[in-house]
Amino acid sequence: MNLSAPDPPANSYAIHAATWRDLNALRRLEMACFPRDAWPLLDLIGVLTFPNVVRLKAVHGGELVGFIAGDVHRSEAAGWISTLGVLPEHRRRGVGSSLLTACEARLDAPVIRLCVRLTNREAIQLYQNAGYHPASVWPRYYQDGEDALVLEKATPYPTQV
């Protein structure tokens with residue numbers, strides 16, 4: 001007999017704009033998702049307050065369970081996803097894909113790029129399923145010396161870069 005609660009349906013996750021009021025919840029999410037690379041407090045404050053940053057949260061039951069941020073680098077004519085995290089117990093339910101799609105739609109750029117650990121197969125699969133492909137490798141990008149895989153995709157969204 002299975003007494004565990006069933007997984008919540010994907011449509012029970014709401015996506016909203018994140019604000020500085022989400023700082024504490026975002027700190028917890030960072031620690032849970034990126035124990036080796038969690039952003040320091042000042043970076044989290046920046047991502048929640050700097051102008052022209054797209055910052056979205058996934059909420060379930062009143063709790064922040066996912067977060068994504070990105071911005072446009074006009075000099076590169078590209079959008080960059082700077083972070084995407086979903087609490088482990090909410091993964092594989094479409095939350096990451098929904099956040100990614102929503103952020104991409106708000107980044108006014110012909111190309112969107114992101115970095116991911118070479119060993120993060122689950123995230124790489126998510127991004128490949130969303131149409132991203134390998135563009136380059138940045139050696140020793142992460143604090144522990146692991147390389148980053150740079151992925152990119154062309155967007156169907158109009159651009160004014």
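**Exposure, cysteines and cores**

Modeller: Leu42 belongs to helix 2, residues 41-49, where a helix is a DSSP run of H or I with at least four residues, numbered from the N terminus. The model is predicted, so local features need pLDDT of at least 70 and side-chain atom pairs pLDDT 80 or more, while totals for chains, interfaces and linings use all residues. Residues are numbered from 1 along each chain as its sequence is written, and side-chain values use heavy atoms, without hydrogens and water.

Colleague: Why does Leu42 count as exposed?

Modeller: Exposed means over 50% relative accessible area, buried under 20%, and partly exposed in between (1.4 Å probe, protein chains only). Leu42 has 69% relative accessibility and therefore counts as exposed.

Colleague: Why is Cys103 called buried?

Modeller: Its relative accessible area is 0%, so Cys103 is buried.

Colleague: Which residues have the most contacts inside the largest nonpolar core?

Modeller: A nonpolar core is a set of buried Ala, Val, Leu, Ile, Met, Phe, Trp, Tyr and Cys residues joined through side-chain atoms within 4.5 Å. The largest has 38 residues, and those with the most contacts inside it are Phe67, Ile68, Ile81, Leu99, Tyr127 and Tyr132. Another core, of six residues, lies apart from it and includes Cys115 and Tyr142.

Methods:
Helices (H or I, at least four residues) and strands (E, at least two) are DSSP runs, numbered from the N terminus.
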